[in-house]
Amino acid sequence: MAAPNVAVVGAGLVGLSTALCIAETCPSCSVTVLSDQFSPNTMSDVAAGILIPHTYPGTPIHVQKQWLKETFTYLFAISNSAEASEAGIHLVSGWQVFKNTPKEELPFWSDVVLGFRPMSKAELQKFPQHRFGQAFTTLKCDCPPYLLWLEKRLKATGVQMYTRKVADLWELHSEYNIVVNCAGIGAHQLVGDEKLFPVRGQVLQVHAPWVKNFIRDGDGLTYIYPGIHRVTLGGTREKESWSLSPDPGTTKDIFDRCCSLEPSLRGAQDIMVKVGLRPSRWCVRLQREVLSQGGVKLPVVHNYGHGAGGFSVHRGTAKEAARLVRECIAALQGSTSKAKL
C-alpha cells in the first residue's frame, strides 16, 4: 500500500495537536488539516489555556490522569526550552480557594502539577470569604501563540493545511484513506452527535501586569489567569447556549466577581471580551469507526468533546488518536495484502 493519506478535520487545539502526533509517529503518512477556521478564529483561541483538569464523568480517572501526565510532560519541556515565549507557555503559581472544604481535598491530579499543598492560614487571609484552599504551580498557555506555534511545527513536518468546510466526512473518502474527526463543537452537526452540547464561556482579557498569580474559585466559575501579555478573567458555564455575542451584563458580573477575589483588578485597563463554546460531552469521544457505503469503507478516528478540559489533556488524547490511526493503517495494509493473495 502506498503512503496513506490522512485528513484531520478541525484546526483548533485538538485538531492541530492530533495532526502533529500523527505526523511525528506515522512518518510514512501524508497528513492534511482541513478546517473552515484557523487561528485566530477558532474556539480554542478563546480558551484560558491553564492546566487545571476538568473531570469527565464517563472516562475512567486513570485514563484522564494518563492524558494529563502526557500533556503536562510535553508542555513542561516546551516551557523549559528556547521556544517557550513563542509558544506562549509558562509556569504560573497560585491558589484554588473554596468557601467550604471540598469532599476531595486531594484531587486526582494533585501529584501531576508542581508543589501541590493546602494553603496556610496566612495565605487564606487574602481571601476572607473562603475557608479552605490549595496552592500549586501549573502551566499556562496563551492560546493564539500556541496554535500558531503548532501550525509552524506542522508545516516543518510537511503537513498541508487547507481552508475547507467539510459538511460530511464521507465526502473525503475518494481523496483520503483515513479521516480524523477533531471538529469540536462542529461535530454536533458534522456527525449528528446528540450527546455533544455547547457550554458557553464568556471571558475578559485585561491589561493588569501586576497580577502574577492565578486565583480560581473552587466552583470553577470565577478565575483570574495571568498570561504573558494579558490576564484572563472568567467566566461563565452556560449549557446549551449557542450565542457567540458578548453580553454586557455578564461582562460586569465577571469583572465584579474577579475584583472581589483580587481588588487590585479595579485598576485593570483595556478590557477585551471574548466568547467561545466548549464542546462538552459525558466523556471525550476517542474511538475508531468504519463508515461504509456501497461496499466502500472509510476508517474514521474521532477525537472531540473535551469540554472545559481540552488544554489539560490535549496532548494525551492526541497521542491516543494517533495510536488509533496506526491501527487503521495496519488494518488497511492487512486488507491490501489479503486482496493480493
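The radius of gyration is taken here over C-alpha atoms, and the globule rule is 2.2 Å times the number of residues to the power 0.38. For the 341 residues of the protein chain, a compact globule would have a radius near 20 Å; the chain has 21 Å, which agrees. The model is predicted: local features need pLDDT of at least 70, side-chain atom pairs count only at pLDDT 80 or more, and totals for chains, interfaces and linings use all residues. Residues are numbered from 1 along each chain as its sequence is written, and side-chain values use heavy atoms, without hydrogens or water.

Along the principal axes, the C-alpha atoms of the protein chain fill a box of roughly 75 × 40 × 40 Å. The chain holds eight helices and 14 strands. These are DSSP runs numbered from the N terminus (helices H or I, at least four residues; strands E, at least two). Contact means heavy atoms within 4.5 Å. Of the contacts with a separation of 6 or more, 76% join residues 24 or more positions apart.

Buried residues (under 20% relative accessible area, 1.4 Å probe, protein chains only) make up 55% of the 341.

Helix α1 covers residues 13–25. The expected span of a helix is 1.5 Å times one less than its number of residues. For the 13 residues of α1 this gives 18 Å, and the end C-alpha atoms are 18 Å apart, which agrees. Eleven of the 13 residues are buried, so α1 is largely enclosed by the rest of the structure. The buried residues of α1 include L13, G15, L16, C21 and A23.

Note on methods:
Buried means under 20% relative accessible area, exposed over 50%, partly exposed in between (1.4 Å probe, protein chains only).
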